[in-house]
Amino acid sequence: MDWDISRLEDLEHYIWRCTACGTCRVAYDFGPPATCRPICPAGTEFGFEGNMSSKGKIAFARGILDGSLEFDEALLNDIYRCTICGGCQSQCQLDHKPFIPEIMEAMRRKAVEAGAGPLPLHKNLTRSLKSYNNPYQGPRRLRTDWTRPFKKAGRPIKDIMKQPAPVLFYVGCTGAFNQQARAIPTATASLFHKLGLDFGILGENELCCGSTAMRLGDAEEFKRLATQNLELFKKLHQEQGVATIVTSCAGCYRAIKKDYILSSAYDEMMDGVRVIHTAQFLYELHQEGKLPLEGGLEMKITYHDPCHIGRHLNKFEVDADGSQLWKGAYLGVSEAECLYEQPRELLKAIPGVEFVEMERNRANSFCCGGGGGVMTGFGEWAAKNAGLRIQEGLETGAAAMASTCPFCHYNLSQGAQRIASDMKVYDLVELLDQVVPAK
Ligand code: SF4
Ligand code: SF4
């Protein structure tokens, strides 16, 4: 299986397109009322006009390419102080726009290839991936701990390796191993049971999707995991009848949708298999009138867009042959695959819920601060940034913030704790599980 993963050199043409204009500093909404707030978590914490924002990082890429910069401790710290949130990409309008997060990750890949990256704390994650196939140093058997209550209640979840099912619920490592985030697979499986869905999980046989490795620049580890997963998905389709893979994890979804397609064998491996995020899956059921909602939740609630199912799913149009403007020109962006509206529509459909929007939303969302290895590499900063997001939620008068990603769920909860806020943090599935009645 070949992989088409860009080297920093491949992106050089685009690296020279940044004019250091600074447009990527702020998320604008022209209203009414018009609003503008910072968009870059790294710039917010460390100073936008320094080397921490998009324009500074792109300048590093030039220095790495022309050999004037070495991967010393200071440079490594700087290139890993980025949540790879894509906020700068949303704001920039120049020709390198489609490639900005790619440039950040290509720098990291070069650092790893040089034997310098990732940061020492990140190396615990990549070592764990190699030893345990998950970044949490969790033995395989712990992957199914969250399923125990189902077994106890006489509603065991199918092991899809042993029992065929048309739907694979791909849990993801954070949902399986993080104590707090376990509420998400638990609510997802509970909902699926109530909806009478024939589904199964991989349990101890589930491997990390490889997103952590890819975001940290360890392309070899990503390829190892992604190749095994693609082969497994194909086998499950052929032997166990899997036609749909549902995941509640924004990171896993992004990896399968955007990173796995870099494989030359993607179409062959995924032939007959649809990958879908729970938000879209449940939204479709709702549209078909198959998601009964009973009772109600008297709650004022806002929604935090995870970067990985939001702007990371943008599709960019580039003038590849120069026939429209010039070779490599940025022509436009489609947000058709970004899951912006589906979670909002589901929240609004819950009886009793009053939905309110934060100023920074959808493509202008402010990252929770946990992505791109920041939660591990710079835990204090990640929680502080999440506190800023919670504060923004509080300004709307909301008592709860919903999201659709176990990583955001955990980090936002840390942020709420850090600023001693009463804001309740939920995943969408936790709320829906409260109002979908048992059959
Ligand atoms: S990344 Fe884009 S918006 Fe930001 S400084 Fe460079 S050209 Fe300007
Ligand atoms: S990806 Fe996010 S954190 Fe990184 S430079 Fe861009 S806006 Fe800042």
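Setting aside neighbours within four places in sequence, methionine 107 is in contact with Leu8, Phe60, Ala61, Ile64 and Ile79 (contact means C-beta atoms, placed from the backbone, within 7 Å). This is a predicted model, so local features need pLDDT of at least 70 and side-chain atom pairs count only at pLDDT 80 or more, while totals for chains, interfaces and linings use all residues. Residues are numbered from 1 along each chain as its sequence is written, with chains lettered from A and ligands numbered from 1 in the order in which they are written.

**The core**
- Met107 turns up again in the largest nonpolar core: of its 120 residues, Ile103, Met107 and Phe169 touch the most other members.
- A nonpolar core here is a set of buried Ala, Val, Leu, Ile, Met, Phe, Trp, Tyr and Cys residues joined through C-beta atoms within 7 Å.
- Buried means 20 or more other C-beta atoms within 10 Å of a residue's own, exposed means 12 or fewer, and partly exposed is in between, with C-beta atoms placed from the backbone.

**Around ligand 1**
- There are 13 residues around ligand 1, and Cys18, Cys21, Cys24, Lys55 and Cys92 come nearest (near means a C-beta atom, placed from the backbone, within 6 Å).
- Helices α3 (54-65) and α5 (87-91) each supply at least two residues of this shell; helices are DSSP runs of H or I with at least four residues, strands are E runs of at least two, and both are numbered from the N terminus.
- The shell has seven nonpolar, five polar and one charged residues, where Ala, Val, Leu, Ile, Met, Phe, Trp, Tyr, Cys and Pro count as nonpolar, Asp, Glu, Lys and Arg as charged, and the others, Gly among them, as polar.

**Around ligand 2**
- Ligand 2 is surrounded by 17 residues, with Cys40, Cys82, Cys85, Gly87 and Cys88 the closest.
- α2 (41-46), α3 and α5 each give at least two residues to the shell, and the largest share, three residues, comes from α2.
- By class, that shell splits into ten nonpolar, six polar and one charged.

**Helices α18 and α19**
- α18 (residues 379-395) packs on α19 (residues 406-418) at about 80°, axes 7 Å apart; axes are lines fitted to C-alpha atoms over the stretch in contact, and angles run from 0 to 180 degrees between N-to-C directions.
- The two are therefore roughly perpendicular (65 to 115 degrees; under 35 is roughly parallel, over 145 roughly antiparallel, the rest oblique).

**A loop residue**
- Ser323 sits in the loop between β9 (315-319) and β10 (329-334), and is exposed because it has 8 other C-beta atoms within 10 Å.

How values were computed
Contact = placed C-beta atoms within 7 Å.
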